[in-house]
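Colleague: I should like to learn how to read helix faces and aromatic pairs in a model. May we take them in turn?

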Amino acid sequence: VAVAFPGAVCRGSGYRFACELLKHVLHQRNQLPLPYEQLAYFCRRAAQDGDGIGKPLSLGLASRKCQQLMMELEGLFQHLEVMFSLTLVPRVLFLLGGNVMNPKELYELNLEGFCEGAAEESLQTAPCVRQLFHRLFVADVFSELKALPVTGTLVMVQGHRDCGVEWFRPKLNYQVPTRGRKLTVKLSCDGDLHVSASPPQHTAPAWEDYVWFQAPVTLKGISE
């Protein structure tokens, strides 16, 4: 699925695209029982209500699992934001099921042709996120897939080897898996790019200095 924006997008958008795509994939592939924002709302409300006091035990357990996953996702999003601030990020991978070398499904966000610019000269993030999801909807990429059981999700991020990130673990010899089902979402910027815009990332020097980093957390899906 290719999405071309008509110009540079404001800074910080690459990080937002990665987070929104991960939320969407987790819900579409049955790892979240509700869309992320709804689930976050229910978890906050459950926490305020005392987390299942006086409710059946299973509901309390489901609520705790949900809150655990939400906390892990919130933490991941914060660390992703740091990663995007430290280095160009040409590619992000979400690996569902199996293991890091042989996942059942692989989703790649390709940002090599994507560029960001100063806020006043650039496209706003929110309409671009809507454009991305419109393309995914039109492409109908999830409808023919068999239901995926609740499983683990791993996140890999490509960045400069000397970017100084601490939370993500470098995987210097990692090879992107070729087996399993793969969907690539490729973002690019066309049209009139202002001088202040960062260059498309494929013009960045020395791609060989970019390595894969793995998030040190496995996101365990929930079905309730």
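This is a predicted model: local features need pLDDT of at least 70, side-chain atom pairs count only at pLDDT 80 or more; totals for chains, interfaces and linings use all residues.

Colleague: How far apart are the end C-alpha atoms of helix 2, and what span should its 13 residues have?

Modeller: At 1.5 Å a residue, helix 2 (residues 36-48) should span 18 Å, and the end C-alpha atoms are 18 Å apart, so the two agree.

Colleague: Which residues of helix 2 are buried?

Modeller: The general idea comes first. An α-helix has 3.6 residues a turn, so residues three or four places apart point the same way. In helix 2 the buried residues are Tyr36, Leu39, Ala40, Cys43 and Ala46. Viewed down the helix axis, these buried residues fall within an arc of 125° and therefore line one face. Arg44 and Gln48 are exposed, on the face turned away from the buried side.

Colleague: How is a pair of aromatic rings described?

Modeller: One gives the distance of the centres and the angle of the planes. With a cut-off of 6.5 Å between centres, the count here is nine aromatic pairs. One of them joins Tyr36 and Phe77, edge-to-face, at 5.8 Å centre to centre with 70° between the planes. This pair links helix 2 to helix 3 (residues 57-86), its members being 41 residues apart. Tyr36 and Phe77 are both buried.

Colleague: What is the geometry of the pair formed by Tyr174 and Trp212?

Modeller: Tyr174 and Trp212 are also edge-to-face, with 6.2 Å between centres and 80° between planes. Tyr174 lies in the loop between strand 7 and strand 8, whereas Trp212 lies in strand 9, 38 residues apart. Both residues are buried.

Colleague: Which residues do ring pairs link into a cluster?

Modeller: Phe5, Phe17 and Phe114 are linked in this way.

Conventions
Residues are numbered from 1 along each chain as its sequence is written. Side-chain values use heavy atoms; hydrogens and water are left out. Helices (H or I, at least four residues) and strands (E, at least two) are DSSP runs, numbered from the N terminus. The expected span of a helix is 1.5 Å times one less than its number of residues. Buried means under 20% relative accessible area, exposed over 50%, partly exposed in between (1.4 Å probe, protein chains only). The arc is that of the directions from the helix axis to the C-beta atoms. Rings of Phe, Tyr and Trp (its six-membered ring) pair if their centres lie within 6.5 Å; planes under 30 degrees apart count as stacked, over 60 as edge-to-face and the rest as tilted.
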